[in-house]
Amino acid sequence: MATTTPDYRQGSFRLSMLIYDSRYRAITIQIVFLMLLMAGFAWLVDNTIQNLRALGKDFSYRFLWQSAGYDINQTLIAYNSTMSHARAMVVGLLNTILVAVMACALATVLGVLAGVLRLSNNWIVARLMTIYVELFRNIPTVLWILIFFSVMAISMPEPRAFRGEAATASMLVFDSVAITNRGVYIPEPVFDRSLGDLDLRYFKVSVDLLAIIAALIASSWASGRIVARANRIQEETGIRPATWWLRLAVWVLPVAALLSALGFHLVKPVLPETGIPNFQGGIHMRNSLIALWLALSVYTGAFIAEVVRAGILAVNRGQTEAAVSLGLRPTLTMRLVILPQALRVIIPPMISQYLNITKNSSLAIAVGYMDLRATLGGITINQTGRELEAMLLMMLIYLALSLTISSLMNVYNARVKLKER
Amino acid sequence: MTHKILLGALAAAAILGAGAAQAQTLNDVKNRGNLRCGTNTGLAGFAFPDANNVWQGFDVAYCRAIAAAVLGDPMKVDFVPLTSQTRFTALAAGEVDVLVRNTTWTFVRDVDLKFTFAAVNYYDGQGFMVRKDLGVSSAKELDGAKVCIETGTTTELNLADFFRSNGMSYDPVPIETNAAAQQQYLAGACDVYTTDVSGLAATRASFADPQNHVILPEVVSKEPLGPLVRHGDDQWADIVRWVSNALVAAEELGITSANIGELKANGHPNPEVNRLLGREGDLGAMLGLDANWAVRAISAAGNYGEIFATNIGEGTPIGLARGLNALWTQGGLQYTPPFR
Ligand SMILES: N[C@@H](CCC(=O)N[C@@H](CS)C(=O)NCC(=O)O)C(=O)O
């Protein structure tokens with residue numbers, strides 16, 4: 001076949017072709033750039049090593065196994081000051097995860113509510129939601145954290161105000177919840193006939209909790225079967241049997257039976273009549289946790305509201321009209337027609353919001369919440385002087401945490417996204 | 001992604017190290033024309049900016065004495081307020097030439113964090129402060145208390161040891177600065193505030209109702225506080241050490257800011273006075289300074305006793321007794337090696 005394109009392969013290769021020949025130029029540029037990048041990197045590493053040597057410091061993670069020497073107020077696993085810095089780090093990491101999970105959950109609820117209501121036909125409701133969104137997302141997170149913290153610390157009564165004949169403050173909900181300037185005390189679940197703990201060498205897991213989780217998984221499976229059966233009957237006969245009472249029973253009964261078998265009851269926090277006025281027993285949600293949780297939630301909730309609103313607006317109006325003409329009520333239209341389609345648009349930006357919550361939780365230090373940044377990245381660094389080692393480790397942990405969250409969310413995204421057939 | 005983060009960290013480390021690599025702190029200070037002195041963010045009596053924004057206090061007087069000896073002017077000091085968490089990084093990174101910030105001389109800080117403690121300017125110990133109406137008269141009754149502490153301090157570690165060895169529980173409330181701790185304590189967010197006794201006295205003196213707060217009798221640790229510098233520049237460490245010693249020696253020898261001019265001009269029968277004031281020998285040159293270094297250091301804010309009395313002594317609202325910090329000749333621990 002005759003061709004007009006000159007055949008370059010015949011000519012010999014000249015060095016100048018690396019720059020002038022468009023086939024090679026891109027590669028040349030990339031290689032040069034990569035070499036510069038690596039040289040820069042090598043220089044940084046070398047400089048760091050030299051400077052560390054000049055300071056007389058080595059690079060070592062041995063400090064992680066030395067005893068930490070400091071106490072941590074909120075610990076999800078057993079910890080005391082004689083345990084290692086590594087253990088303190090894990091305690092901090094768990095606290096980070098705890099507040100991140102709590103904030104993600106609340107932010108999602110707030111965000112979805114605000115996003116949906118912002119599109120409401122009710123003028124006042126829509127405006128209120130606009131105010132919420134604009135107010136919260138335009139003020140830095142750390143200020144919200146401090147505001148919530150100060151409000152709690154200054155305007156709530158001291159524990160001593162709950163004491164004695166002339167008590168000026170009283171507990172709520174049948175004397176089981178105390179809101180003080182040191183945080184909120186709530187009842188604690190206790191099992192009289194506990195199954196004990198499972199010792200996993202590094203930490204213990206409550207067998208009671210595992211049993212409850214197992215029961216819930218079983219309920220979820222059974223409930224799925226009931227729905228599947230209803231679907232089948234509906235397809236065969238055209239009539240859908242009522243399932244709600246069956247499903248309710250399947251969810252509630254096993255757990256209730258298990259709880260009563262375990263001797264479950266709630267222990268209220270109490271204020272001792274004498275001695276230092278501080279509530280004992282119950283679960284203590286410290287001000288630092290509450291401030292961080294609420295601030296991260298309302299702040300990120302404002303962003304999520306916008307994401308949700310955008311997602312809903314992205315669904316064609318025709319869908320709403322079609323649903324309405326089928327006779328669906330507005331709430332059902334939203335739940336059954338709009339939201340499922342909007343989710344496809346909503347989930348990806350939602351991932352970044354969850355990542356933001358996790359990373360922003362490192363602002364915890366502002367209110368003394370003992371997260372990873374406060375333990376490993378704060379006290380441990382300060383007591384051992386291992387800035388570089390601890391900072392690198394901490395970055396690695398946040399990175400791993402973020403990658404885990406985004407891969408989990410991506411799995412979910414793959415499930416809800418439009419399936420093209 | 002990983003790469004970028006690592007790069008950032010290493011860049012940070014490279015910058016961090018850059019200041020420490022240079023050995024000649026004295027030259028740096030002279031070329032710059034001012035002394036960078038790391039102090040606390042604000043503690044009455046020790047280091048705080050006054051109404052005219054001029055730094056005042058016991059630790060500040062040390063910065064001024066060093067600047068006077070090295071640069072000839074006690075006002076040529078750049079004060080860098082540091083929290084207990086940031087102080088060591090700032091010193092190691094060369095952001096400050098010397099740290100005078102109620103800092104305890106410990107083995108780890110000296111040996112592992114690579115700092116040189118030049119002197120002890122205040123022998124202290126950790127104590128506890130509570131509101132009077134808490135009805136507690138001993139630290140042994142603090143079981144179950146909420147305790148405000150500054151994080152990144154020896155306080156934090158002593159506290160853990162004290163409660164542990166007494167079989168008591170407590171709930172630590174970690175706080176970054178003394179100001180924030182004070183606010184939390186006054187708001188009743190904690191039952192107890194614990195730090196060095198001198199710090200407690202200074203904090204209490206700034207309360208509206210100091211009479212309603214007591215410092216409990218127990219002193220649970222040894223906290224020798226003093227100025228420190230980076231390892232690796234012995235000349236600079238010597239300067240800081242001997243300026244501090246000169247202040248104590250001046251008190252021992254009866255040299256005060258009032259009589260120093262006359263002693264310098266007319267001399268004194270005691271040759272050590274003459275050596276200190278540069279009339280005899282050449283101690284100044286040995287330090288890399290001129291003959292009048294000690295005269296200027298002592299004139300800056302007076303001798304050790306004067307600095308103590310004007311800033312934190314019994315005549316001030318802080319009202320600390322000399323106690324352990326009296327001269328050794330008066331039953332205290334302040335003592336200086338001889339000037340010869
Ligand atoms: N001496 C202890 C504690 C030092 C410390 O942080 N002291 C407090 C209270 S005495 C302070 O100076 N605070 C002033 C500030 O927060 O700037 C140490 O070196 O770790």
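These notebook entries record what I looked up in the structure.

**Entry 1: the model.** I noted at the outset that the model is predicted.

**Entry 2: the interface between chain A and chain B.** I began with the residues in contact. Chain B contributes 54 residues to the contact, and chain A contributes 47 residues. I then looked up the area. The size of an interface is often expressed as the accessible area that is lost when the parts come together. For chain B and chain A, the buried area is about 4,100 Å². Carbon and sulfur atoms give 59% of this area.

Entry 3: I looked up the polar contacts and found 16 residue pairs between chain B and chain A. I next examined which elements of chain B take part in its side of the interface. Helix H1 (2–21), helix H4 (87–92), helix H5 (107–112) and helix H6 (154–165) of chain B each supply at least two residues to the side that touches chain A, as do strand E9 (145–150) and strand E10 (170–175) of chain B. The largest share, 14 residues, comes from H1(B). I also recorded the composition of the side of chain B that touches chain A: 30 residues are nonpolar, 12 are polar and 12 are charged.

I then turned to the salt bridges, of which there are 5 between chain B and chain A. I recorded the pair A:Arg182 and B:Asp191, whose side chains meet in a salt bridge with an N to O distance of 2.7 Å.

**Entry 4: salt bridges over all chains.** The count over all chains comes to 20 salt bridges. I looked up the pair A:Glu306 and A:Arg118, where the closest N and O atoms are 2.4 Å apart. This pair links distant parts of the chain, 188 residues apart. A:Glu306 lies in helix H8 (residues 287–313) of chain A, and A:Arg118 lies in helix H3 (residues 85–118) of chain A.

**Entry 5: disulfides.** I found a count of 2 disulfides over all chains. In the disulfide of B:Cys37 and B:Cys63, the sulfur atoms are 1.9 Å apart. The link of B:Cys37 and B:Cys63 is left-handed, with -60° about the S-S bond. B:Cys37 belongs to strand E1 (residues 35–40) of chain B and B:Cys63 to helix H3 (residues 58–71) of chain B, so the pair ties together parts 26 residues apart in sequence.

**Entry 6: domains of chain A.** The domain assignment of chain A gives domain 1 (17–45), domain 2 (65–137 + 287–416) and domain 3 (191–261). I recorded that the centres of domain 1 and domain 3 of chain A, taken over C-alpha atoms, are separated by 59 Å.

Terms used. Residues numbered from 1 in each chain as written. Chains lettered and ligands numbered in written order. Predicted model: local features only at pLDDT ≥ 70, side-chain atom pairs only at ≥ 80, totals over all residues. Heavy atoms only, no water. Contact = heavy atoms within 4.5 Å. Buried area = accessible area lost by both parts, 1.4 Å probe. Salt bridge = Lys/Arg side-chain N within 4 Å of Asp/Glu carboxyl O. Polar contact = N/O pair within 3.5 Å; in protein donor to acceptor, adjacent residues only side chain to side chain. Helix = DSSP H or I, 4+ residues; strand = E, 2+ residues; numbered from the N terminus. Nonpolar A, V, L, I, M, F, W, Y, C, P; charged D, E, K, R; others polar. Domains from an automatic or database assignment. Disulfide = S-S within 2.5 Å.
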